[in-house]
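Welcome! Please take a moment to look over the sequence and the 3D view before reading on.

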Amino acid sequence: MIPAVMPTYARADVAFERGEGSWLTATDGRRFLDFGSGVAVTALGHSHPHLVAALEAQIAKLWHCSNLYRVPGQERVAGRLVEACFADTVFFCNSGAEAMEACLKLVRKYHDGEGRPERYRCVVAGGAFHGRTLATIAAGGQEKHLAGFDPIVDGFDRVAFGNTNELRAAIGPQTAAIVVEPVQGEGGIRDAGVDYLRAARAAADEHGLLLVLDEVQTGMGRTGRLFAHQWADIAPDVMAVAKGLGGGFPVGACLATERAARCMTAGTHGSTFGGNPLAMAAADAVLDVVLAPGFLDEVCRVAALLRGRLDQLAAAHPAVIEEVRGLGLMLGLKCRIPNGDLVARLMANGLLTVPAGDNVVRLLPPLVIGLAEIDAALDILTRTCREIAP
Ligand SMILES: *Cc1c(COP(=O)(O)O)cnc(C)c1O
């Protein structure tokens, strides 16, 4: 008999009851160190006092307000995002896939407005992940996500991730945009590198295309800058953000320059829940913390410490870990054993991690971890590598 909850996930047999900082407590009393953060979502850990207070204050006032009316929280959060990055304008939605969907729609609308409606195709990368809607599974192109969902949404041309020559060769008269994750998350913590991002920017400028960055996972401080593309000193025209933006409250955003968004006028796009007052209270509180002076410097400092310890771990256990990769606190252990085995054994030993493509185990700790959490995680990692070594 089919379970009441549609069985679209392969779930581990554990349920969590409460969380505090980097720690989760399960309903059976077990405690876990959370180096998954709900896949890069709870960026400030669990029950962060500033987020709790912000949501408690808003929950007593107003939960929902239609986009038929002004929503002051949206104006405030959008203003802060615009101030902090390349963007001039922000559309709010509820998830990463919706944020990417808005980016893809904006791309078509832009070229339509330029009198070039034949430009509708996006150059996308192998190993990409952009969400689970019909358009975003087509953009991601993973066979396991597309199987059985034909016909595939048209308009995506795939090139090898990180290969500038292939990228340039794929651009044709119908190309509208280049779409890329600065660091692939689901694809296995693969870093495009600053040279590739700069080359993508240059190719987009040369051909009159929009550069769309999917920063759903890399954004909001995960890599040590507010957005990962800032490491490359380039700016996209359009960007999707979600995961860490609400610190655990569902919220997504499509950010764009004024030029790219100039045809996104009243009635062209919408969302009932997008920019909900609770979501905006959460995002505003996250921004209070992440934009505070010194916060991202501290993320970089802690990330370098963790990276050093992981490099030592990999050197000591070459039969288990082939290499450490990633940027900031978006780290991956490329495994020599099946990554799912390592994730399961780490969990049995009290450390939560997330599997990814390319046989990688992702480490996505809260951005607020300290030395004690790094020590605790390395203890578990070391013990687990010893247990599991073939
Ligand atoms: C998680 C993710 C998405 C999809 O986000 P959802 O909130 O699950 O829809 C899109 N792009 C990237 C890079 C992601 O990591």
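## The second largest pocket

Let us begin with the elements around one opening. Helix 3 (72–84), strand 4 (89–93), helix 4 and strand 12 (252–256) each contribute at least two residues to the lining of the second largest pocket. Strand 4 gives the largest share of that lining, with 4 residues. Keep in mind as you explore that this is a predicted model.

How much space does the second largest pocket hold? Its volume is about 620 Å³. The lining of this pocket is made up of 27 residues, and Gln 74, Thr 89, Val 90, Phe 91 and Phe 92 are the closest to its centre. Sorted by class, the lining has 12 nonpolar, 10 polar and 5 charged residues.

## The largest pocket

Now turn to the largest pocket, where about 1,800 Å³ of space can be found. Its lining has 48 residues, and those nearest the centre are Tyr 9, Gly 38, Val 39, Glu 186 and Val 354. In this lining, 25 residues are nonpolar, 15 are polar and 8 are charged.

The largest pocket lies between domain 1 (16–48 + 293–388) and domain 2 (51–290), because both domains give residues to its lining.

## Around the ligand

Next, find the ligand. The residues surrounding the ligand are Ser 95, Gly 96, Ala 97, Phe 129, His 130, Gly 131, Glu 181, Asp 214, Val 216, Gln 217 and Lys 243.

A polar backbone atom of Gly 96 is 2.8 Å from an oxygen atom of the ligand, and a backbone N or O atom of Phe 129 is 3.3 Å from a ligand nitrogen atom. From Gln 217, a side-chain N or O atom lies 2.7 Å from an oxygen atom of the ligand. The ligand taken alone exposes 380 Å², and the protein buries 81% of that.

## Two backbone details

Two spots along the backbone are also worth a visit. Between Asp 150 and Pro 151 the peptide bond is cis, with omega near -5°. Pro 151 sits in the loop that runs between helix 6 (143–146) and strand 6 (156–159).

The other spot is Ala 40, a residue of helix 1. Although Ala 40 is not a glycine, its phi is positive, at about 65°.

Definitions and conventions
Residues numbered from 1 in each chain as written. Predicted model: local features only at pLDDT ≥ 70, side-chain atom pairs only at ≥ 80, totals over all residues. Heavy atoms only, no water. 1 Å grid on protein atoms, 1.4 Å probe; cavity = no way out; pocket = protein on both sides within 12 Å on 5 of 7 lines; lining within 4 Å. Points joined across faces, edges and corners; volume = space filled by probe spheres on them. Nonpolar A, V, L, I, M, F, W, Y, C, P; charged D, E, K, R; others polar. Domains from an automatic or database assignment. Near = heavy atom within 4 Å. Polar contact = N/O pair within 3.5 Å; in protein donor to acceptor, adjacent residues only side chain to side chain. Areas by Shrake-Rupley, 256 points an atom, 1.4 Å probe, with all protein chains shown as cover.
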